[in-house]
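Here's a quick tour of one chain, meant to be read with the structure open beside you. Have a look first, and then we'll go through helices, salt bridges and the surface.

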Amino acid sequence: MKYNRVNNITGWTLCLIATTVYLITMEPTGSFWDCGEFISSCFKLQIPHPPGAPLFVLLGRIFIILSGDNPMFAAKAVNGLSAFASGFTILFLFWSITHFAKKIVLQKNKELTRMQVFTIMSAGAVGALAYTFSDSFWFSAVEGEVYGLSSFFTAIVFWCALKWEDQAKKPGADRWLVLVFFLMGLSIGVHLLNLLTIPAIVMLYYFKRYKPTKWGALIAFAVGCMITGFVMKFVIQYTIKGAGWFDIYGVNELGLPFFAGFAIFFLLLAFGIGWMIRYASRKKYYHLKLGIWCAVFMLIGYSTYLTTMIRSNADPAVDMYNVDNPVNLSSYLGREYYNDWPILFGPDFTDRAPYKEAGDRYVRTRDRYEAAGKVIKTDWTATPSSHFFPRIWDNDNDRQQADCYRRFTGLEEGETPTMADNLKYFAKYQAGWMYMRYFMWNFAGKQNDLQGFGNARDSNWISGIPAVDNNLYGDQSKLPDSIHKENKSYNRLFMLPLILGLGGLFFQYKRKKSDFLINLLLFFFTGMAIVVYLNQSGYQPRERDYTFVGSFYAFAIWIGLGVLWVTERFSKLTKSPLANFAATGLCLLAVPVLMANQEWDDHDRSQKTLARDLAKDYLESCPKNAILFSFEDNDTYPLWYAQEVEGIRPDVRVVVNTLSGTDWYMHQLKYKVNDSDPFDTVFTDEQVLGDRLDAIYYTELPGFSKDQYYDLYDVMKNVVASYDPKNMRESEDGQQFHLYPTKKLKVPVDENIVRANGTADATDKVVSELHLDLGEKNYMLKNELSILSVIAANNWKRPVCFTSTQSLKNLGLDKYTRLDGMSYRLVPVENGNVNNDLAYKNIMQKFAYGSADKKNVYFDEENRRRMNIIKLAHAQVALSLAQAGKKEQAREILERFDKYVAQANCPYGLASNLGNQHNSFSLQFLQACYAADDITLAKKVATSIRKDVKQQLIYYQSLGNEMGGDDQLVNNAYQYLQAKGGNLGEAQTMFAFDILSSYQILRQIDDWEKQFQASGIKS
């Protein structure tokens, strides 16, 4: 059988295997993070967050239609898109490996022997299957996110470039290069990762068409970097910026309709391109002509973004940043609504960089574009500490960035950072913790699934070899079972994929240096170059390994070539074909088979439905026609999925707190979405246009007393939104700021209305007005104004609910909320706590639990955090019922959770990276068990928690010197937390709070047991 036929059959077989694996293990509904948003966008062709993914949305919609356009199957269709795209990624990876392997194996002017063909196929199969079962790639392959499809474009673009290399000497071969740039243009509509293949492709072109020299290679590398920069800046951003400015001029100055200037710009661009192609043809400038055609086809692929503006004009329910005109599209693509960061020049975190104006911010109104504020950018160069290659730059501390900088550099409080500190942070945190750790997860092994913050316990890479791991992190056998032996992410690969990959790397370097350099560039630009570009400050809100899958793809090529290296080693010990068969069998078993065995259980999501069920629990806890404020991505995106796709409670209007601080979102509140009627806010569209009311400041004004409460609606309407000079102040740079004159606000309550519509129960003591105390708050942001504005304008007509009360404390609203199950409802009752009857009914009749009652359902830490929210709701409702004398109902609530959340899937006792948060939630559940006299369940919960916290204390003891028992360890931890010393080892200091909380939890359990034993209650 001919080589090409064998190559094709083997490649398609591996594609089928990979696709089948991903389809079997993919999640059946929406996952957490962005997946709910993307699936919702695909189902109704809506607009996801910047910079958008129009091609992904279109393809997702096609998959949904091909699957029957059934809303209950839509998530599977979009997840299936990722599975198929990832499966085809494996196909092109296989063909890329065999391309490189063939060039090494094939000798000049000789035909490949059958054994050589076998070895080449083996190399491709081992490398492709290793990537199939790699941790980070598998994670993205089974959910409705862009990364699976992005990886597919990376794979097919790189393969097309290698295909060009095969045919470079044939007439018309350069059409492959044009195809490469067309695919890149399409990939922009998914993710920008694909563009990082350009330097490697340019080097491939150089080595094929020119005689290599050192200076020539450096020039080719520089050209590849410049082309990448040109595409990212000029093709992606400046074309749309130019079109936007044409549209502004056409509408505002020439009186043309919207989009006329946009169309004229691209007509002129097309005319200019046509002229340049004719000029290049006439002058026989072949490379200029080829470059222009590549740019043309990239723009054609990039044109999928036109669908973003088309759909945004239809006002869909999910319409992020209202991209209904070229000006907004420019801001959308440029991610202007997100925070900026320095890359090559900037300050240290000890300085706060000032802001500078970067032109007018134009907003589309009814008949023109209106300047509504300024585009504000951070001036990273204008601080005393600004320097080249800033790494420790973030002056905020909302995620303990300063603590992270000091932890990874050794800086003391008040110490001035140096360039050495920047480089140390880059090496230890950005390159080490946020890249190399992820790399080693995939090719060495993984400790557990707790998000890591740089300590010895959480989410480190491991080898699986005790001598190595114990030397790095301490005695691993002392780790609590819940995050070690019982954690499904405890994956031991024994560094075998790493060793095989390094063998392939050196083998390719030795045999084909040019090919090695091409793959090295792909590895570098999709790995360390991203590290440099992202310049991540610590600590990140989630693990970011999905960012670097392109780098892991390149390493998988070396894993495949490692088979050739092993075969060569074996051939010195025994003759072919035994050496070939033995090498292939050993590599296959030691790498992809081992990886599949270790990682299947923590990547199998085939039964999990928690994201969807969490959203359902929130929605079903809301009264009819409610307004529900959400505060986190992992609340919001599942809510969007549940409503937009499965149609769960379409009468509830979800208001996203983080988005409600924008003019476009506040405008969207005023039109109907699904079955939810529009509603007013206090402010008009003009009053919140652009940056108006982005922030307002507290200032004492005449006529307002500090001790008096003032009507919220009146203050918002007639003071905050007023342009009367007496209600405004001017800053030093001439900016006008709106003010609020009081920190005491009131919302009147019509008792007849709130009792008639069920906001207040018959037995409630209704207050005549809500008293909101802003305390020490001296400014409010637009999203906070949005909450107050909705409440003031609503006048108790519609129920107002919240997914959390944490963000309400600063507004004085938290004491007027009552738990109805999972959501908190605004009520005219102080400290209403729980609506016992309604919450009981909602939980017992409507709650779902992510299929946690089924066998072998894996919940990673983010899933467990969300399950804790459900657990806490059960505990709060049960405790309230027990305190009201309804202990039977309380027991039913608790036992329902225990029935539907199996201990094997999500135990009560489990270490977490957030200061024992999981055990703290379980402790509240245990308190409810005791309050409800459910002693049998209490014993079960207490046993699980006690086991874990005891094991935690044993582990913390093992990290330092012998301390004479738990009491001494806890005392040292307490002293350390009080900044009074404390004899803790360096590794123990990271766990000081966990040491103290573990001890406190243990003592609390013991106290409760003694109390209930003394009370004479028996199980």
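Predicted model: local features only at pLDDT ≥ 70, side-chain atom pairs only at ≥ 80, totals over all residues.

How many residues does helix α4 have, and how far does it reach from its first C-alpha to its last?

Helix α4 runs over residues 74-105, so to speak, with 32 residues in it. From first C-alpha to last it reaches 46 Å, close to the 46 Å expected at 1.5 Å a residue. Most of α4 is covered, with 27 of its 32 residues buried.

Now compare α22, at residues 578-603. This helix has 26 residues and spans 35 Å between its end C-alpha atoms, close to the expected 38 Å.

## Salt bridges across the chain

Side chains of opposite charge can pair when their charged atoms come close. The count here comes to 46 salt bridges. One of them joins Asp135 to Lys446, with the closest N and O atoms 3.6 Å apart. That pair links distant parts of the chain: Asp135 belongs to helix α6 and Lys446 to strand β5, 311 residues apart. Are these two partners buried or exposed? Asp135 is buried at 5% relative accessible area, and Lys446 counts as buried too, at 8%.

Glu370 and Arg692 meet in another salt bridge, at 3.2 Å from N to O. Glu370 is in strand β3, while Arg692 is in the loop between α25 and β9, 322 residues apart. Here Glu370 is partly exposed at 29%, as is Arg692 at 21%. Then there's Lys947 with Glu486, at 3.3 Å. This one connects helix α33 to the loop between α17 and β6, 461 residues apart. Lys947 is partly exposed at 40%, and Glu486 at 49%.

Some of these charges team up: Glu632, Asp635, Glu861, Glu862, Arg865 and Arg866 are linked in a network of salt bridges.

## A buried glutamate and a nonpolar patch

Glu620 lies in helix α23. It counts as buried because its relative accessibility is 16%, and the cut-off is under 20%. Its contacts beyond four places in sequence are Ile648, Arg649, Asn842 and Lys846.

Which residues form a nonpolar patch on the surface? They are Leu344, Phe345, Phe388, Met419 and Leu423, with about 490 Å² of accessible area together. Leu344 is found in the loop between α14 and β1.

## Across the model

Asp1007 is in helix α36 and is partly exposed at 37%.

Definitions and conventions. Residues numbered from 1 in each chain as written. Heavy atoms only, no water. Helix = DSSP H or I, 4+ residues; strand = E, 2+ residues; numbered from the N terminus. Buried < 20%, exposed > 50% of the residue type's maximum accessible area, 1.4 Å probe, protein only. Contact = heavy atoms within 4.5 Å. Patch = residues over 30% accessible without salt bridge, like charges linked within 9 Å, V, L, I, M, F, W, Y side chains within 5 Å. Areas by Shrake-Rupley, 256 points an atom, 1.4 Å probe, with all protein chains shown as cover. Salt bridge = Lys/Arg side-chain N within 4 Å of Asp/Glu carboxyl O.
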